[in-house]
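Subject: Structure handover

Hello,

I am passing on the structure below, followed by notes on what turned up in it. Please have it open while you read.

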Amino acid sequence: MRTDLAVIGAGPAGLAAALAAARRGVRVTLVDAAREAGGQFYRQPAAELRARRPEALHHQWRTWERLRDGLAASTVRFLTDHHVWFVERESDHFTVHALLGPDQEEPVTVRADAVLLATGGHETVLPFPGWTLPGVVTAGGAQAMLKSGLVTPGRRAVVAGTGPLLLPVATGLAAAGVEVAALVESADPKAFVRHGRALAAKLPEGAGYAARLLRHRVRFLARHTVVRAHGEDTLTGVTVAALGPDGRVRPGTERHLPCDTLAVGHGMLPHTDLAESLGCRLAGAAVQVDDEQRTTVPGVWAAGEATGIGGAALSLAEGHIAGRSIAARLGGTEPDPEQWAPAAKSRRRQREFATAVEAAYAPPAHWTDQVTDDTVVCRCEEVTAGAVREAVEELGAGDVRTVKLLTRAGMGWCQGRMCGIAVAGLAGCEPTPSRRPFARPVPLGVLAQNSADPTDATKDPTDATNFTDSTEEGLS
């Protein structure tokens, strides 16, 4: 199939970009691995569950309704259940390579004049003794279970780590009937005072979460961290402790909290695999973009968490700007920034907020002190913290790549996405993005078939299982 614009990712940024471009006459194909639009932020329950009040699990539900209805009324072709593993840059177009369906064995290609990367981000979890026990889940994973499956991960939970995601996870679990023993946040409340001006706009939202925590009698332990998770075959409890001003655990402050679920998270990182394989320049851990959301590769734009973790409002603003920029440039005209001035103002404000959040929610400075040598760090390859330390202290490894070669940490299924930050922290070096040729594992048979006779996404343009015709209601 040939299209003007391929948007990869149907979360807030991808939806806003697709709708803004389609409204201005661009032929848009929206590609996403999920069965429904919305991304992680607007994750929806399966239709078979017949949820009566899905809005109860969501924030900014009216915004989602506008996006959903706009998509349904638009000319956007929506390819669901399409897992993009590579974007190929050719002389006069881009070819998006995807795997179709839950088995991800059937190759599909989409050819486009321009590409918008709205690939989102992924959670990070810093390891600690016991973190691989059944019953320990990521904070986002617990939220996804609630939103998409309408199920809870257990009966008594502790929510721990750091970051703004912990608040909606704790209140969501409590509202669903889970006894939340505690919300354990490692951030120092003083950090919020230092960034009070940038965070002030979110005070009403924060107060709402605080009121719900009080209503459900959820204990809030600020400046605390999980020291260890306990159990043999499953989680039975956690030990938490207070942190001192230097970020180290204060001796004598440990306390045991019985629970069967630990929802833990330490922030998010941008998904940059596709951008890196295209040769897009990074700014730190995120894709570098200009004021139009253009990357350093001509014809490629990026928006949302891929350009820096900042939340749904920032993603919507960036997506809208990217969509309008793409529409103008594909039409052969110079974009007029005045036309998206409200979105640019929102972007500036939300970026300031995101910068303050990142500073306020920094993980404990000395978290590695609590990681014992027998703690598994790389779960895919079962590499322990002791093996990483040995590679550094005895074998002379000075960077993540050398640690990887000596220990196999990061060589497994997730390709270091889960353990990369932890390995870097234990090795005492800066995390570095590893440029991979493909964004996800691909069967060799698919590669052979794709190079010989790739399947086009227009196999049957009337097949509603392949796509949903859908339009926009852009930002005002």
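At what angle do helix H11 and helix H13 pack, and how far apart are their axes? The model is a predicted one, and in it H11 (residues 385-393) and H13 (residues 420-427) pack at about 50°, with 9 Å between their axes. The crossing in which H11 passes H13 is right-handed. On the H11 side the contact involves Ala385, Val388, Arg389 and Val392, which meet Val423, Leu426 and Ala427 of H13. Sorted by class, the residues of this contact are 6 nonpolar, no polar and 1 charged.

Helix H1 (residues 12-23) and helix H2 (residues 61-72) have axes that come within 10 Å and cross at roughly 45°. That makes H1 oblique to H2. The crossing of H1 and H2 is left-handed. From H1, the residues Leu15, Ala16 and Leu19 meet Trp64, Leu67, Gly70 and Leu71 of H2. The contact of H1 with H2 is made up of 6 nonpolar residues, 1 polar residue and no charged ones.

In soluble globular proteins, nonpolar side chains tend to be buried together. The largest nonpolar core here has 31 residues, and those touching the most other members are Leu5, Val28, Leu30, Leu71 and Leu116. Two or more residues of this core come from each of strand S1 (2-8), H1, strand S2 (28-31), H2, strand S6 (106-117) and helix H9 (312-330). H1 gives the most to this core, with 8 residues.

What does Leu5 touch, leaving aside its neighbours within four places in sequence? Leu5 is in contact with Ala21, Val26, Arg27, Val28, Thr29, Ala112, Ala114, Val115, Leu116 and Ile326. Apart from this core lies another, of 24 residues, including Val87, Ala98, Cys280 and Ala306.

Helix H3

Helix H3 covers residues 139-149, and its buried residues are Ala139, Gly140, Ala142, Gln143, Ala144, Leu146 and Lys147. These buried residues pack against strand S7 (121-123), strand S8 (136-138), helix H4 (166-175) and strand S15 (261-266). After H3 comes Leu150, with a positive phi near 55°.

Positive phi in two loops

Asp81 has a positive phi of about 60°, although it is not a glycine. Asp81 sits in the loop between strand S3 (77-79) and strand S4 (82-89). Is Asp81 buried or exposed? Its relative accessibility is 15%, and the cut-off for buried is under 20%, so Asp81 counts as buried.

Gln293 is likewise not a glycine and has a positive phi, of about 75°. The loop that holds Gln293 runs between strand S18 (286-287) and strand S19 (300-302). Gln293 is buried, with a relative accessible area of 0%.

Regards

Note on methods: Residues are numbered from 1 along each chain as its sequence is written. This is a predicted model: local features need pLDDT of at least 70, side-chain atom pairs count only at pLDDT 80 or more; totals for chains, interfaces and linings use all residues. Side-chain values use heavy atoms; hydrogens and water are left out. Axes are lines fitted to C-alpha atoms, for helices over the stretch in contact, and angles run from 0 to 180 degrees between N-to-C directions. Helices (H or I, at least four residues) and strands (E, at least two) are DSSP runs, numbered from the N terminus. Angles under 35 degrees count as roughly parallel, over 145 as roughly antiparallel, 65 to 115 as roughly perpendicular and the rest as oblique. A crossing is left-handed if the near helix is turned anticlockwise from the far one by less than a right angle, and right-handed if clockwise. Contact means heavy atoms within 4.5 Å. Ala, Val, Leu, Ile, Met, Phe, Trp, Tyr, Cys and Pro count as nonpolar, Asp, Glu, Lys and Arg as charged, and the others, Gly among them, as polar. A nonpolar core is a set of buried Ala, Val, Leu, Ile, Met, Phe, Trp, Tyr and Cys residues joined through side-chain atoms within 4.5 Å. Buried means under 20% relative accessible area, exposed over 50%, partly exposed in between (1.4 Å probe, protein chains only).
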